[in-house]
Structures are given as structure tokens and as C-alpha cells.
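Open the model in your viewer. We will go from one selection to the next.

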Amino acid sequence: MADPNHPCIACRIVREDHRPPGGVLWRGSGLAVHALDGPTPLPGWLVVTSEVHVRGWYDLPPEAAAALGGVAARALRAQREVLGAEHLFAFAIGARLHPFHRHLVPRYADTPARLRGRGAFESRPEDALPAWRVVAALETLRRAVGRAQPAGT
Ligand SMILES: [Zn+2]
């Protein structure tokens, strides 16, 4: 597997010179919300990435650190309300891709037990959803997260 840190895939995503499925759905306060960059077993798996390259949550610029909870909560609510997720898991690990990013991982009623919670990171190639299904969920989320924003942010 290619090293996602050289060149840094997080920086490429926030600069929009690498496009995960659906592209950047929303950005503000130094944070960008986008989909998991790669095959996913779960529709609407989102990632919040810092626009500034920092190693961990502890290094976030003050504005991004302060905004993170609200940005994540809006995304989480959208994942529940428009995609019907039963529950959401949030992970900031940074073991493989180093710069700060926080996963917002949905669990649906029909999500198999082995793909729930951190199990989502252990999905198999055959678990990957078709691209059309991934993109359809992201377009629904883009509209929902966008609606939740005050004008101009
Ligand atoms: Zn970076």
C-alpha cells in the first residue's frame, strides 16, 4: 500500500488536488469535511480534516480546535437524519495517515457486526460499496450539511 504521508494525502484533499468520492462537502473554520478516501463498506463515512497540516488534535490552531465539536456534530446529525444511521462512531487515530483527521463512521441497522465501530477499519475488498451508492449518500449529506450552515460560512 502506498504511503499516504508522502506526499500528504490530507493536504492534497484540502487543497482539492486530490478528490475523494464526492470531493470536499463543506469547509470552514480551518476544517474540511469529506468522505473516506478509498473503498468504503458504509455509505456516508465522513472525515473532518484540518486545513493546516498538524500531527494531532493537540496541535490544531485555536479556531479549528474550537470549531471541531460543532462541525462534527452537524455532520453527525446529518448522517443520522438524512442517511438514517442508528449511531455514529468518531475516531482520531493517525497511525497510518499522520496529520489530524477525525473519522465519523456510521452504523446502520443492517451493518454487519464485524463492520461496526472500529470494525469498519477492517473491511474486506468485497465489502466495498459500489461508487454510485457512495456518491449518492455524499450528495445527500452535502445538501444537509450545507443547509445547517449560516450564510457565508
Ligand atoms: Zn498534510
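Start with R27: across from it, in β2, stands A32. Residues are numbered from 1 along each chain as its sequence is written. This is a predicted model: local features need pLDDT of at least 70, side-chain atom pairs count only at pLDDT 80 or more, and totals for chains, interfaces and linings use all residues.

Next, select W26. Its bridge partner in β2 is V33. Now show β1 and β2 (residues 31-35) whole: they pair in the antiparallel sense over 4 bridges. Strands are DSSP runs of E, at least two residues; helices are runs of H or I, at least four; both are numbered from the N terminus. Two strands pair if DSSP finds at least two bridges between them.

Click on S29. In this hairpin, with 2 residues between the strands, S29 has a positive phi near 55 degrees.

Zoom out to the sheet. Its 5 strands run in the order β1-β2-β3-β5-β4, open, with antiparallel pairing. β1 (24-28) and β4 (87-91) each have a single partner strand, so one side of each lacks a neighbour in the sheet.

Now select helix α2, residues 62-81.

Stop at L68. Here α2 bends by about 40 degrees (the angle between axes fitted to the seven residues ending there and the seven starting there).

Notes: The expected span of a helix is 1.5 Å times one less than its number of residues.
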